[in-house]
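Dear colleague,

Please find it below, followed by an account of what was found in it.

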Amino acid sequence: MKLKTFTIALISSVLLSACSSKQPDVTLHVFNCGNVEVRDISIFSPGVDEGETKHLTNSCYLIQHNKGSMIWDTGLADALGSEGAEAFGGKLKLTVTHPLSDQLAAININPEDINFIGISHFHGDHTGNANLFGNASLLIQQAEYDAAFGEDPTKFGFNPPSYAQLDKSKIKVLNGDHDVFGDGKVVIKSAPGHTPGHQVLFLNLEETGPVVLSGDLYHFTKNREHRRVPSFNFDKEQTLAAMEVIEQFTDAKGAQFWIQHDKEQNQTIKHSPEFYQ
Ligand SMILES: [Zn+2]
């Protein structure tokens, strides 16, 4: 090979590898997956702000890793639409203004191609669109599995038809923390109490840094500041213990802490089609 040709080949291969090494290992899309008007916020903070209305958001997330993809929470059912429905004896009004299926289509994602479905817990505002992900492997704690697929899921506030299409043969039952892709970048952390097997998700993003997607450990910032436990939690003591563990973990990692239902915080976070990496 002549020197000039060799030099050009060398430069192009260096450029190519520089480009390919720029591909992030992990990206994160955030979706609005519904709106929750709470007509008495004290159901989330017993004895505090009784009768006051507060607006919460509802979030889902797509994590794309070079070894596969995962949806984290699936929101309120797209079918609710903007008309919505009441819940919790009329204390909640639930609406969906941005269907998850449309938001995925807008970034060319077919839900049937998603590899993993991680659900923080099985309340209906997190399993609403689970049936879109029938091909994915569900990552669920043993205690949540026992409640969701046991004799009476409704007594835990779960809605079995909303997750009936999940492929039961692909379910992976967890007992504690789970490193989804084996490199510490996407890790499920057990945080029980809100429901029997509630869990949160830790992400270690190259540019953004570490982030905790905190499920329903808290529903809004003031509850985090005071560590208040909603009246309808499965186990109050377990919840307080999980809060302590996850707060210490978050501190140790220097992670951002994202409260999935906090409307004000979510207004400061980029939503799809923009993404974090
Ligand atoms: Zn929720």
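**Nonpolar cores**

The largest nonpolar core has 24 residues, and those with the most contacts inside it are Phe31, Leu100, Ile117, Phe122, Phe133, Leu138 and Tyr163. Here a nonpolar core is a set of buried Ala, Val, Leu, Ile, Met, Phe, Trp, Tyr and Cys residues joined through side-chain atoms within 4.5 Å; buried means under 20% relative accessible area, exposed over 50%, and partly exposed in between, for a 1.4 Å probe and protein chains only. Two or more residues of this core come from each of strand E1 (26-38), strand E2 (54-65), helix H2 (100-106), strand E7 (137-141) and helix H4 (142-148). Helices (H or I, at least four residues) and strands (E, at least two) are DSSP runs numbered from the N terminus. Apart from this core lies another, of 22 residues, among them Trp72, Leu139, Val211 and Ile269. In soluble globular proteins, nonpolar side chains tend to be buried together.

Leaving aside residues up to four places away in sequence, Phe31 touches Asn58, Ser59, Cys60, Tyr61, Leu62, Leu100, Gln103, Leu104, Ile107, His271 and Ser272. A contact means heavy atoms within 4.5 Å.

**Basis of the values**

This is a predicted model, in which local features need pLDDT of at least 70 and side-chain atom pairs count only at pLDDT 80 or more, while totals for chains, interfaces and linings use all residues. Residues are numbered from 1 along each chain as its sequence is written, and side-chain values use heavy atoms, with hydrogens and water left out.

**Zinc site**

The zinc ion is coordinated at 2.1 Å by Asp125 (OD), His126 (NE2), Asp216 (OD) and His261 (NE2). Donors are N, O and S atoms within 2.8 Å of the metal (3.2 Å for Na, K and Ca); water is not among the atoms, so sites may look incomplete. Along the chain, the donors of the zinc ion follow the spacing D-H-x89-D-x44-H. His126 lies in helix H3 (residues 124-127) and His261 in the loop between strand E13 (256-258) and helix H7 (263-266), so the pair ties together parts that are 135 residues apart in sequence.

The arrangement is irregular because the 4 donor atoms around the zinc ion subtend angles of 89 to 161 degrees. By the criteria used, four donors count as tetrahedral if all angles lie between 85 and 135 degrees; four count as square planar and six as octahedral if opposite donors are over 155 degrees apart and all others between 65 and 115; anything else is irregular.

**Overall form**

The protein has 7 helices and 13 strands. Its radius of gyration is 20 Å, close to the 19 Å that the globule rule gives for 277 residues, so the protein is as compact as a globular protein of that length. That radius is taken over C-alpha atoms, and the globule rule is 2.2 Å times the number of residues to the power 0.38. The C-alpha trace spans about 80 × 40 × 35 Å along its principal axes.

Of the 277 residues, 49% count as buried. Among contacts between residues at least 6 apart in sequence, 65% join residues at least 24 apart.

**Backbone geometry**

Most residues other than glycine have a negative phi, and most peptide bonds are trans. A cis peptide bond joins Ser272 and Pro273, with omega about 10 degrees, and Pro273 lies in the segment after H7.

Phe88, in the loop between strand E4 (85-87) and strand E5 (92-95), has a positive phi near 55 degrees. Phe88 is partly exposed, with a relative accessible area of 41%. Asn108 also has a positive phi, of about 60 degrees; Asn108 is placed in the loop between H2 and strand E6 (116-118) and is exposed, with a relative accessible area of 72%.

Glu237 lies in helix H6 (residues 236-253) and is exposed at 57% relative accessible area. Glu237 and Gly193 are 44 residues apart in sequence and 7.4 Å apart in space, C-alpha to C-alpha.

With kind regards
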